[in-house]
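Subject: Structure for you to look at

Hello,

Here is the structure I said I would pass on. Please open it before you read the notes.

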Amino acid sequence: LNEAGIPYKYFEMVSLSEINELYNILDIYIVSSRIEGGPQSIVECAISETPIVSTNVGIAPEILNKTSIYESIESFKSAKPDIEFALKKASILTIPTGMQKFIDMFEENLES
């Protein structure tokens with residue numbers, strides 16, 4: 001960005017309320033990674049109801065509607081955010097709901 005002369009602001013280690021505010025000022029969030037471990041931003045966008053489109057990377061297929069995932073520049077043009085779908089899928093991962101499978105697993109093992 002510096003080399004291209006593109007202005008930007010970098011925020012490091014902001015609070016959850018600041019993250020929520022930053023996501024909510026976006027018109028759309030684009031994940032353009034070819035390889036990615038998460039990315040956490042997919043879940044954060046879903047929970048904050050931020051419109052998002054993504055490459056088919058990391059957790060994207062588990063959280064985003066197929067219409068929100070693109071494979072190429074050509075398909076990027078037709079990718080459409082589905083906020084309600086993403087929120088519903090990501091809500092399963094929130095506490096306490098997201099922890100229930102782990103709790104059940106530990107209870108089963110303790111009973112054995």
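The notes below cover the sheet and then the aromatic pairs.

The model is predicted, so to speak of local features requires pLDDT of at least 70 and side-chain atom pairs count only at pLDDT 80 or more, while totals for chains, interfaces and linings use all residues. Residues are numbered from 1 along each chain as its sequence is written, and side-chain values use heavy atoms, with hydrogens and water left out.

Sheet. Three strands make an open sheet in the order β1-β2-β3, with parallel pairing. Its edge strands, β1 (29-31) and β3 (69-70), each pair on one side only. Strands here are DSSP runs of E with at least two residues, numbered from the N terminus, and two of them pair if DSSP finds at least two bridges between them. β1 and β2 (residues 52-55) run parallel and are joined by three bridges. Opposite I30 stands V53 in β2.

Aromatic pairs. There are two in the structure. Rings of Phe, Tyr and Trp (its six-membered ring) pair if their centres lie within 6.5 Å; planes under 30 degrees apart are stacked, over 60 edge-to-face and the rest tilted. Y23 and Y29 form a tilted pair, 5.7 Å centre to centre with 55 degrees between the planes. Y70 and F76 are edge-to-face, because their planes are at 70 degrees, with the ring centres 5.0 Å apart.

Accessibility. Buried means under 20% relative accessible area, exposed over 50% and partly exposed in between (1.4 Å probe, protein chains only). Y23 counts as buried at 9%, and Y29 as partly exposed at 25%. Y70 is buried at 7%, whereas F76 is partly exposed at 30%.

Regards

Conventions: Helix = DSSP H or I, 4+ residues; strand = E, 2+ residues; numbered from the N terminus.
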